[in-house]
Amino acid sequence: MKYAAIRSEGGLIPYDLLEQIANEQILGQKPVDFGLPKDKRLTDEIQRVWSDAQDFWDVFRRRMDSLTEKDPYGTSLTRERWLYPLLNDPQTFAYDLKLQPAAVSLTGASFPISHFAGDPKESPPVHIEGFKADLDQRGPKLRTSPRAMVQEFLNRSEPHIWGIATNGVRFLLLRDSARTARPTYLEFDLQTVLEGNHFHEFALFYRLCHRSRLPRPGEDPTKCLLEQYYQLSIEQGGRVRDKLRDGVEEALKVLGTGFLRHPANAELREKIDAHRLTPAEYHRQLLRLVYRLLFLMVAEERRLIVATGDGSERQQRVYDDFYSVDRLRERTEGLVEQSPFSDLWIGLKQTFSLFSDTRDQNPLGIPPLNGELFSYRAIPDLE
């Protein structure tokens with residue numbers, strides 16, 4: 001499933017695992033796991049919280065244009081009119097947020113974490129900025145960005161594994177990570193969720209960000225549900241990589257054999273027979289073709305193809321309906337009769353041309369990729 005307002009940066013919790021959580025195919029998705037009575041239906045409870053969230057957001061949204069000099073970033077507004085009502089109520093997300101009067105010191109560094117989800121300092125950090133603040137840019141009172149500050153705190157603090165950074169619009173779920181060069185987090189765009197009426201994405205937000213998902217003071221933090229999901233994603237990732245390796249090998253055989261057998265490819269067969277195209281070079285071109293497909297599958301799933309801006313929604317629909325590899329995958333899922341026509345391959349070549357640096361005009365405004373993978377030299381004999 002493609003999400004409009006959820007992004008897993010750095011693969012913190014992969015999209016396929018998000019689907020399992022959304023479909024209750026995984027542990028921790030029963031009413032009792034959220035502290036609800038057994039006879040409660042979780043979907044009904046999420047629907048109730050969704051209605052409350054819409055009411056809270058409407059009040060907050062109406063006041064966004066009324067900032068004062070004392071609150072230029074909307075910090076008090078974001079906390080008091082939006083996130084406190086949403087997160088603190090035991091009947092919504094049950095966070096019990098505690099404002100921190102002073103910064104937390106760790107190994108010689110100071111961390112101005114705004115809140116913790118509970119009284120004990122072992123409770124998860126929840127840093128709340130105003131909606132005007134950029135979570136990825138250094139603020140006036142921070143030596144680094146709010147996201148990076150929370151990440152560094154998690155990396156340095158042994159009792160803390162999971163934490164949150166939010167400005168009320170973006171809600172980032174972060175985990176202790178050894179990878180400092182690459183950001184890793186799960187992001188929910190709450191404004192898009194609520195104003196776009198994406199209930200199913202809000203339901204996933206509830207299932208992943210309810211207080212019951214995070215570590216609790218006095219308990220082993222590695223036993224919390226978020227950590228179990230994270231470890232499960234690592235295990236599944238290993239299995240996926242093994243399957244991917246087998247899939248690439250099978251794809252090379254199927255595509256390589258198919259091109260050679262096609263009646264119209266006499267020129268390709270003649271090149272190989274005359275040793276103008278060696279088996280090694282043919283293999284390399286097939287491998288680049290498979291890499292192209294894998295690249296596009298990932299980029300499409302993460303909505304990274306069409307640039308944002310005016311007309312981007314229409315261009316995205318055109319790409320999805322007529323150019324995407326995802327559309328090609330959907331067509332291959334059902335049984336089809338054998339056909340002598342090559343229109344699917346011709347269409348795929350048109351998709352490849354969108355990313356080539358040799359095209360003067362791109363109808364969807366997709367900037368060319370300057371690497372070798374989509375250059376005209378990558379698969380000349382296959383094209």
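Modeller: A residue is called buried when its relative accessible area is under 20%, exposed when it is over 50%, and partly exposed in between, using a 1.4 Å probe and protein chains only. Take Ser105: its relative accessibility is 60%, so Ser105 counts as exposed.

Biologist: What kind of model is this, and which residues count for local features?

Modeller: This is a predicted model, in which local features need pLDDT of at least 70 and side-chain atom pairs count only at pLDDT 80 or more, while totals for chains, interfaces and linings use all residues. Residues are numbered from 1 along each chain as its sequence is written, and side-chain values use heavy atoms, with hydrogens and water left out.

Biologist: How many helices and strands does the protein chain have?

Modeller: The protein chain has 12 helices and 9 strands. Helices (H or I, at least four residues) and strands (E, at least two) are DSSP runs numbered from the N terminus. Ser105, for example, lies in strand 3, residues 104–106.

Biologist: What are the overall dimensions, and what share of residues is buried?

Modeller: Along the principal axes, the C-alpha atoms of the protein chain fill a box of roughly 80 × 45 × 45 Å. Of its 383 residues, 44% count as buried. To give one distance, the C-alpha atoms of Ser105 and Leu344 are separated by 60 Å, and these residues are 239 apart along the chain. For contacts (heavy atoms within 4.5 Å), take the pairs in the protein chain at least 6 residues apart in sequence: 59% of them join residues at least 24 apart.

Biologist: Which residues of helix 1 are buried?

Modeller: As a general idea, an α-helix has 3.6 residues a turn, so residues three or four places apart point the same way. In helix 1, residues 15–22, the buried residues are Tyr15, Leu17, Leu18, Gln20 and Ile21. What covers them includes strand 1 (6–9), strand 9 (185–189), helix 6 (199–209), helix 7 and helix 9 (279–301). After helix 1 comes Glu24, whose phi is positive, near 55°.

Biologist: At what angle do the axes of helix 1 and helix 6 cross?

Modeller: Two packed helices are described by the angle between their axes and the distance between the axes. Here an axis is a line fitted to C-alpha atoms, for helices over the stretch in contact, and angles run from 0 to 180 degrees between N-to-C directions. The axes of helix 1 and helix 6 come within 10 Å and cross at roughly 90°, which makes helix 1 roughly perpendicular to helix 6. The classes are roughly parallel under 35 degrees, roughly antiparallel over 145, roughly perpendicular from 65 to 115, and oblique for the rest. Leu18, Ile21 and Ala22 of helix 1 meet Leu204, Arg207 and Leu208 of helix 6. By class, this contact has 5 nonpolar, no polar and 1 charged residues. Ala, Val, Leu, Ile, Met, Phe, Trp, Tyr, Cys and Pro count as nonpolar, Asp, Glu, Lys and Arg as charged, and the others, Gly among them, as polar.

Biologist: Which residues make the contact of helix 7 with helix 8?

Modeller: The axes of helix 7 (residues 225–261) and helix 8 (residues 266–273) come within 7 Å and cross at roughly 105°, so helix 7 is roughly perpendicular to helix 8. Phe259, Leu260 and Arg261 of helix 7 make the contact with Leu268, Arg269 and Ile272 of helix 8. The residues divide into 4 nonpolar, no polar and 2 charged.

Biologist: How many salt bridges are there?

Modeller: Side chains of opposite charge can pair when their charged atoms come close. The rule for a salt bridge is a side-chain nitrogen of Lys or Arg within 4 Å of a carboxyl oxygen of Asp or Glu, and by it the count is 22. One of these joins Glu270 and Arg276 at 2.6 Å, N to O; Glu270 is partly exposed at 37%, whereas Arg276 is exposed at 52%. Arg288 pairs with Glu281, the closest N and O atoms being 3.7 Å apart. Arg288 is partly exposed at 26%, and Glu281 is partly exposed at 21%. Salt bridges that share partners also join Arg7, Glu9, Asp136, Arg147, Arg170 and Glu187 into one network.

Biologist: How many disulfides does the search find?

Modeller: A disulfide is a covalent bond between the sulfur atoms of two cysteines. With the cut-off at sulfur atoms within 2.5 Å, a search of the whole structure finds 0 disulfides. Cys209 is in no disulfide, and its nearest cysteine sulfur, that of Cys224, is 12 Å away. Cys209 is buried at 0% relative accessibility, and Cys224 is buried at 7%.
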